[in-house]
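Student: I would like to learn how to read a structure like this. Please show it to me, then take the features one at a time.

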Amino acid sequence: MLSMISGDPGAGKSYIAQNIAAEGSRGKLRDGRTVEPFSTMYLTVENPDHEVMRPRFDLLNGDPSRFFALKGTLFAEDGEEQRGAVTLGDIAILDAAIRQTHARLVVVDPIQSYFGANVDLHRSNETRPILDGLSKLAEAHGCAILLLRHLSKQGGGKAIHRGLGSIDL
C-alpha cells in the first residue's frame, strides 16, 4: 500500500513518520492496540542521521534495531569504493534492502528527492510508472510505503492541487 502525507516544510511530516516507525518498532500503536513489532527502512536526504533522525527516534522510544536508513549504494570504480544515489525507480535495490531489513514500513522523505534527475514530477506519464513500481514492491513484501511530500509555496486553493508534482502523486 502507498500512502502520502503532504504538508508545508516544518509542519511535522517527518516527525509523524518517525513516530509511526517508533511505535511500530515496539509493537504498540497510539490507539492502544498491540501488533507484532516491525522494522522501518527510512530514505531521507533532508534530515541527517546523527543530528536529527537517531536522536528523534530515541526520544520517541523506538527500538533502534528495527530502524534502518538507506543512504545509497556502494560500488567499486577504479579500485575505490564509491557511493551512488538511490531513486524510486531502482526497484531491484529497494527490493533487496526491504528483503535484508525485513521492513514492513518504508518511508521516503521527501518523495521529490528520490525520483531522479530524468523524471519530471509534473508529468504523470513519468511519475505513474514509478508509483506503479512502488505499489508492486509494497504488495510483494506486504509492507506499507509512506511518501512525504512538500506543498508548493502558492497559497490558497485545494490542498490536493498544492502538492509538488503531478496530481497523480
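Tutor: Start with burial. Buried means under 20% relative accessible area, exposed means over 50%, and partly exposed lies in between, with a 1.4 Å probe and protein chains only. F57, at 0% relative accessibility, counts as buried. D8, at 36%, counts as partly exposed.

Student: What kind of model is this, and what are the ground rules?

Tutor: This is a predicted model, so local features need pLDDT of at least 70, side-chain atom pairs count only at pLDDT 80 or more, and totals for chains, interfaces and linings use all residues. Residues are numbered from 1 along each chain as its sequence is written, and side-chain values use heavy atoms, with hydrogens and water left out.

Student: How do I read pLDDT, and which strand has the lowest mean?

Tutor: pLDDT is the predictor's confidence in each residue, from 0 to 100. Where it is low, the predicted coordinates should not be read in detail. The chain averages 87, and 87% of the residues score at least 70. Elements here are DSSP runs, numbered from the N terminus: helices are H or I with at least four residues, strands are E with at least two. Strand β4 (residues 73-77) has the lowest mean among the elements, 69, while β6 has the highest, 97.

Student: How do I judge a helix such as α1?

Tutor: Compare its span with the expected one, which is 1.5 Å times one less than its number of residues. Helix α1 (residues 13-26) has 14 residues and reaches 20 Å from first C-alpha to last, close to the 20 Å expected. G27 follows α1, with a positive phi near 80°.

Student: Why is α1 called largely enclosed?

Tutor: Because 10 of its 14 residues are buried. Among them are A17, A21, A22 and G24. Their cover includes β1 (2-7), β2, α2 (49-59), β3 (67-69), β6 and β7.

Student: What is a nonpolar core, and how many residues does the largest one have?

Tutor: A nonpolar core is a set of buried Ala, Val, Leu, Ile, Met, Phe, Trp, Tyr and Cys residues joined through side-chain atoms within 4.5 Å. The largest has 24 residues, and M41, L88, L94, V106 and I145 have the most contacts inside it. β2 (39-44), α3 (91-101), β6 (103-109), α4 (124-141) and β7 (144-150) each supply at least two residues of this core. α4 gives the most, five. Another core, of 13 residues, lies apart from it; F38, L60, L105 and V107 are among its members.

Student: What does M41 touch?

Tutor: Contact means heavy atoms within 4.5 Å. Leaving aside neighbours within four places in sequence, M41 is in contact with residues including F68, L70, L94, I98 and V106.

Student: How do I read aromatic pairs, and how many are there?

Tutor: Two numbers describe a pair: the distance of the ring centres and the angle of the planes. Rings of Phe, Tyr and Trp (its six-membered ring) pair if their centres lie within 6.5 Å; planes under 30 degrees apart count as stacked, over 60 as edge-to-face, and the rest as tilted. The count comes to two aromatic pairs. Y42 and F67 have ring centres 5.8 Å apart and planes at 50°, so that pair is tilted. It links strand β2 to strand β3, 25 residues apart. F57 and F67 are stacked, at 4.2 Å centre to centre with 20° between the planes. F57 lies in helix α2 and F67 in strand β3, so this pair ties together parts 10 residues apart in sequence.
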